[in-house]
Amino acid sequence: MANAMEKKGVRDWSDRLNPVFIKEMRQYFHNRGILAVMGVLLLVQLLMLVVMQLQVAGSRNEYFGSGAVMFGMVATGMALAAFLVSAVGSVLRFTAERRDRELDFSRITTLSPNRIIWGKLLGALVMTIFIYALCLPFIVIAYFLRGIAMSEMLLVALAILPPVLIASQAGILIGCAGRRWLIGVYFGGMFLLGLFFLGFFGFLAASHAVSGTSSFGGMVLFWCTFCLFPFGLFYALSVAALSSRYANRMLPVRLFLVAALLLTPLFGLAVAWLSDGRIDPLPAALCAFGVGGAMIAGICATLAAFERLDPGRRVRRSWPRNRVGKFVWFLFSSGAWGGIALSWLVVLATGVVAALLFTIVPDGGRTGIAVLCWGAVACYFLFYAQLAVWASAHWKILPGWCFWIFGVILFVFVPLLFCGLLAMVTEMEVEILLVTTPFCLALVKPGSELVMAVFGPFFALASLALAASSYRKGENKP
Amino acid sequence: MKIQVKNLMRSFGATRAVDDISFEFASGNIFGFIGPNGAGKTTTIRMMATLDLPDSGDILYDGVSAVDDPEEVRKVVGYMPDSLPDFRDIQVWEYLDFFARSFGLRGERRIRALAEIEEFTNLGGIRYKYLAGLSKGMKQRVSLARALVHNPAVLIMDEPAAGLDPRARLELRALLKILSEQGKAILLSSHILSELQDICDGAVIIEKGKLLSAGTLDELLVKAGGGTRNAPDAPRQVAVMIQCAKTQEARLKLLEHPAVKEVVIRADGELQAFIEGGDELVPPVMGTLFAAGLPVMGFKRQSIGLEELFMRITTGEVQ
């Protein structure tokens, strides 16, 4: 009787959990590969302990003080195992689940994309914590060996979590496509991300050694910005990828980008605060908004090239009736034109910020030029996106992203390659060939940044006129 | 529940896989979805199961659009594909439990639904097996159980009998009969037409993406001029195959009779006469030939099944 009641209690409790999370946990613990990784992790750590004991015994030193080395090795193993189990596990499993459309639960059940992604992320997080728990005895041993403080151990353990979660989220995003070949792309991306993190930690260590000041604040800022932004973007893109084709897929992505834009001044203020008064808060906040805005406009424009042209009947039905509401919904709704319009608004906001830096901030000229250049880079992205949208509206045989890739090859890679080759074999100055690339003249002629700030908007405006001529071409979709 | 497929269109590049298909069926009906390979059956079924979206047209489930509200439609549709994932890390009961939870079944309701579905599809013996270790027949049963776990009003099945042994086919037929009696609307595609004939109330026949014929079996047989199965109200039409040396004269003589609606001279030289009114009119019609002194070497009352109907309606061309 008690057993039955207990079972009923467990059932009722499990009903409150995300079904995807339950499935993920069951699969994790049935998967031989994952169990093997955990077994190897335990074995390696045991071996490490044995080797360490032999080494210390051989040199007749005391154990005390070798905890930092031991913890370093445990943390490395922990990070690797967490990456393999949580992140690689996510991408492999989700790719397999999405590969066959007819068997894909995101298409045959009523689970929302949000629930699916949260279930998978929660699974990855629990497995990472489980791996931490597996390593806990060795961490405790490392602590008693001395040489490392508890707070430092905690900090390292916490620092491992965000990259693992970002990698898991990136894995989910790649898995959404359900293509095996993309797994290779994922590994490449993760490798680059790993290099980036290693580089950053190297930079932190170097600055710490040179300045002798604590970089804790910088590190927190780094995590908050460079981890949260890709995590959030990958999450929003995953929701978009899992939503049905004619749903308002881009709403979460655009909401996220705008929210990130609104938070950028906080980043500038934080940098000013961390600089101990060397940087003024106002120009820092404006500069962060301008640069962040340019980046977000570029992302938004590029994504627009990957979208359907028209929001469609289903999305338009949810729009408010008044003009202002309709326009705001248009900006946030799926459809290439909404993305392009939002990008233009953000670029204009960047221009306003640059103007403010020039006019109201004393000595803000240099920062203003920098913001202007970033805005020009965003204009180049708008240029490629608008050309792609125009081309896909006219030649519906290929989707916008094909034309976007074609445009980037034609306007960026070919000029770069041609310019590089000419520079190698001739003495001619052929940098003018780079006018269709964001690199333009600024890279080769210092001080000519304004040239780029003129060419970028010129190309963007010209392609906007072209794209606008085909505005009506994408209508009448469901 | 009424399912209406309206002017469905779907193209892949230059190929029009589904070209303006419309048909409807309702609760309690078992409809066969028939067509040669490459006819567009799976594409249509996928769109009906919300796995794909049409370029134009719609599928309405009691008025709810599969294009505009796929999430709502999924609540009432159970889709059984012709395959099951080969996961090595999930057991049969876990797989079904996941789908039950995904469709919002909670607590005792979920436990009861899973127990009933396991019993109905006879999965008790394999509930702890991993999906990758199942045979084709077992997988089909798990697939059916998965499609039924949320008790959908509509069941869409893609080649459910493919790869099954005779016993499993008989079991599947029995299960489908029960489900139909429970009031479910069932659409199933299959190549085994003789089996469909025994369980289907109607059929939809497509070829090269176009609808050739749709309706109840009686309607289809009448349309094709092959007599009826059991519809007393339908105008009975009988086909008779006649072997006669003088085909042209025989054809003209037959057409003089008011009950003869059409006479076709087939490629093998036989005459096919369609007589409206029933079997009792066959002797007087044949009597006209004998009375005219035409050399009739033999004749046979032709019975048309789904296979004959299919062969008669389709040309066998693929896109």
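Biologist: Is Gln27(A) buried or exposed?

Modeller: Gln27(A) is buried, because its relative accessibility is 1%. Here buried means under 20% relative accessible area, exposed means over 50%, and partly exposed is in between (1.4 Å probe, protein chains only).

Biologist: Before we go on, what are the ground rules?

Modeller: This is a predicted model, where local features need pLDDT of at least 70, side-chain atom pairs count only at pLDDT 80 or more, and totals for chains, interfaces and linings use all residues. Residues are numbered from 1 along each chain as its sequence is written, chains are lettered from A and ligands numbered from 1 in the order in which they are written, and side-chain values use heavy atoms, with hydrogens and water left out.

Biologist: Thanks! Where is Gln27(A) placed, and which residues is Gln27(A) in contact with?

Modeller: Gln27(A) sits in helix H2 of chain A. Helices (H or I, at least four residues) and strands (E, at least two) are DSSP runs, numbered from the N terminus. Leaving aside neighbours within four places in sequence, Gln27(A) is in contact with Arg93(A) and Glu97(A), and also with Phe87(B), Asp89(B) and Ile90(B). Contact means heavy atoms within 4.5 Å.

Biologist: What salt bridge does Glu97(A) form?

Modeller: Glu97(A) forms one with Lys23(A), and their closest N and O atoms are 2.4 Å apart. The pair links distant parts of the chain, with Glu97(A) in helix H4 of chain A and Lys23(A) in helix H2 of chain A, 74 residues apart. The rule for a salt bridge is a side-chain nitrogen of Lys or Arg within 4 Å of a carboxyl oxygen of Asp or Glu.

Biologist: Are those two buried or exposed?

Modeller: Glu97(A) counts as buried because its relative accessibility is 3%, and Lys23(A) counts as buried at 4%.

Biologist: What about Glu118(B), which partner does that one have in a salt bridge?

Modeller: Glu118(B) pairs with Arg127(B), with the closest N and O atoms 3.0 Å apart. Glu118(B) is buried, at 11% relative accessibility, while Arg127(B) is partly exposed, at 23% relative accessible area. Elsewhere, salt bridges that share partners join Lys23(A), Glu24(A), Arg93(A), Glu97(A), Lys120(A) and Asp89(B) into one network.

Biologist: Let's zoom out to the interface. How many residues are in contact, and how much area do the chains bury?

Modeller: 35 residues of chain A are in contact with 43 residues of chain B. The two chains bury about 3500 Å² between them, 52% of it on carbon and sulfur atoms. Buried area is the accessible area (1.4 Å probe) that two parts lose on being put together, summed over both.

Biologist: How confident is the predictor in chain A?

Modeller: Chain A averages a pLDDT of 83, and 86% of the residues score at least 70. That score is the predictor's confidence in each residue, from 0 to 100. In chain A, confidence is lowest in H1(A), at a mean of 65, and highest in H2(A), at 93.

Biologist: What is the secondary structure of chain A?

Modeller: Chain A has 17 helices and zero strands. Of its 478 residues, 47% count as buried.

Biologist: Last topic, backbone angles. What is phi of Asn122(B)?

Modeller: Phi of Asn122(B) is near 60 degrees, a positive value in a residue other than glycine. Most residues other than glycine have a negative phi. Asn122(B) is in the loop between helix H4 (107–120) and helix H5 (136–148) of chain B, and Asn122(B) is exposed, with a relative accessible area of 52%.
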